[in-house]
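Colleague: I'm new to this one. Could you take me through it and tell me where each label comes from?

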Amino acid sequence: MIDTENLTKKFGNLTAVDSLTLHVNDGEVFGFLGPNGAGKTTTVRMLCCLISKTSGNATVGGFQIGNKEDSLKIRKIIGLVPDNVGLSENLTAYDNLDFYGKIYDCSTTQRKENIQRFLDMLGLWDKRNVLAGTFSKGMKQKLAIARALIHEPEILFMDEPTANLDPESAKTVREFILELKKQKKTIFLNTHNLDEAQRICDRIAILNTKLRAIGTPEELERSVSGKRTVITLEQVNDAVLNALKKLSLRNLTVDGNKITFDVVDPDKENSPVVEALVLAGGHVRAINVVGSTLEDTYLKLVREST
Amino acid sequence: MRLSKAWLVASRDFKIFRHQKNILYSIIVFPILISVLFPAILEFAGQRSVGLFAALPSLLNSFSFFIVIGAAYIPLGIASYSIVGEKVEKSLEPLLATPLTDGEILLGKAISALLPTLAAMYAGATFFMVGVDAATFGRLGYNYFPNWTFAVLLLILVPVAVVMSVLYSIIVSSRVNDVRSANGYGIFIFLPFLAIYLASEIHLISLDITGLLIIAGVLAAIDIALYFVGTAAFQREEILTKWK
């Protein structure tokens with residue numbers, strides 16, 4: 001559905017996106033993670049034909065970005081929820097959607113049906129005749145999503161749709177995205193929110209100007225860090241600390257009475273550690289082996305690249 | 001370029017303007033001033049100065065020119081709000097992500113400033129003509145308006161002045177972030193019109209049909225230059241990456 005090959009965007013001497021190559025499947029929710037200034041919004045803008053590429057290639061729905069005729073075709077098949085909702089605040093919710101429906105040449109019947117359907121789904125139907133400027137942030141965000149969907153686009157680009165929303169509104173938006181996922185809508189989701197990405201996305205790419213990793217949330221968790229052992233003691237004293245020093249454990253951290261370190265094979269590596277701790281007079285309460293989280297992976301990749 | 005799409009953009013702006021009192025006032029106040037104030041001045045002055053009516057034709061031509069100045073003034077507020085307002089609301093990005101072309105959006109914005117201005121000025125001009133004729137018929141013995149000079153002024157010079165003001169506002173709007181600043185810079189649009197008015201007062205130029213056609217020709221040339229600057233400023237990438 002979306003393909004990029006060495007897609008690059010430079011603003012003067014600044015490279016915003018560097019040689020991005022990725023593929024987004026039809027009906028997939030694709031998460032695009034990265035810190036501020038990573039090039040996420042620039043990538044979306046290039047794919048939506050809002051700004052030009054500097055080099056490389058990309059197709060959206062089979063149409064080439066950068067080609068004037070194809071750009072119009074791309075903009076017909078996509079919907080965009082920008083990072084700023086960008087509603088006409090002096091128009092009612094209904095008029096905001098109706099205007100966009102007309103731009104996309106939706107028939108009167110289709111416009112009416114879709115406006116009612118999406119406003120209903122997002123809990124805004126009762127507010128359809130209220131000026132958008134009077135809406136809360138959450139309501140505006142929902143209306144912006146409805147606007148992007150009014151012409152039933154094949155691909156939906158969402159740029160941080162839950163940023164700055166209260167937990168309740170963010171939850172509603174996430175649930176709505178999950179509903180769209182059930183309908184097999186292709187969604188390209190820019191987000192900072194790792195938990196959101198993990199819960200919603202089929203696959204995730206981590207970007208920091210360059211693409212750092214791509215895969216399913218599970219693949220990403222496994223790809224960078226291995227497992228970690230957490231040993232909880234009754235008390236961590238000097239004898240225990242001295243014993244730990246002699247073991248040369250990887251990424252050892254001691255937090256209160258918890259000792260954490262990286263392991264590759266916990267069955268083999270944990271036994272000598274526990275033995276050493278017991279010999280040093282430590283009383284072991286619990287031993288847990290935990291996998292790395294998406295957050296671990298994300299932070300590691302982003303820190304490595306900065 | 002699809003006119004129907006440009007009209008959609010303009011229609012949406014008309015709906016928005018209905019909620020903007022300052023725009024409504026700017027559209028209404030100037031035509032009312034022209035159509036009421038000038039006939040009232042003539043009526044008032046005529047009762048006190050018999051000699052006034054000897055100079056009426058040149059005086060009325062000068063008065064008429066204020067309609068051109070009004071035509072240049074009204075679009076400033078509308079076009080500034082129409083574009084800077086979108087910048088403030090950040091509503092241009094979703095609009096630019098639609099299949100509308102830059103030209104269609106720009107034309108829509110221009111129409112939304114052009115039509116209310118022309119409608120207001122033509123309505124004001126109609127009342128102005130009726131009022132002036134009512135105030136002067138008794139002394140002149142004939143209706144001064146309508147006449148060919150006024151027709152040239154209304155049908156050629158006014159549209160050219162409105163287009164100039166709209167294009168100028170679009171260029172200014174691309175460089176500022178709030179409506180007040182846009183209106184502040186917009187004031188410079190008055191300078192050429194004031195210069196023309198003053199030049200006519202000191203008889204450097206004449207506001208007769210020939211004079212008005214020459215002025216319209218010069219303004220039309222400026223319009224063409226402003227069109228190229230305006231369309232260069234109103235491009236997707238420029239708007240999203242370079243506009244303040």
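Modeller: Let's begin with a term: a residue is buried if 20 or more other C-beta atoms, placed from the backbone, lie within 10 Å of its own, exposed if 12 or fewer, and partly exposed in between. By that count, 45% of the 244 residues in chain B are buried. Bear in mind that this is a predicted model, where local features need pLDDT of at least 70 and side-chain atom pairs 80 or more, while totals for chains, interfaces and linings use all residues. Residues are numbered from 1 along each chain as its sequence is written, and chains are lettered from A and ligands numbered from 1 in the order in which they are written.

Colleague: How many helices and strands does chain B have?

Modeller: Chain B has 10 helices and zero strands, counting DSSP runs from the N terminus (helices: H or I, at least four residues; strands: E, at least two).

Colleague: What makes residues of chain B and chain A count as in contact?

Modeller: Their C-beta atoms, placed from the backbone, must lie within 7 Å. That gives 21 residues of chain B touching 25 of chain A. On the chain B side, α1(B) gives the most, with five residues.

Key. Contact = placed C-beta atoms within 7 Å.
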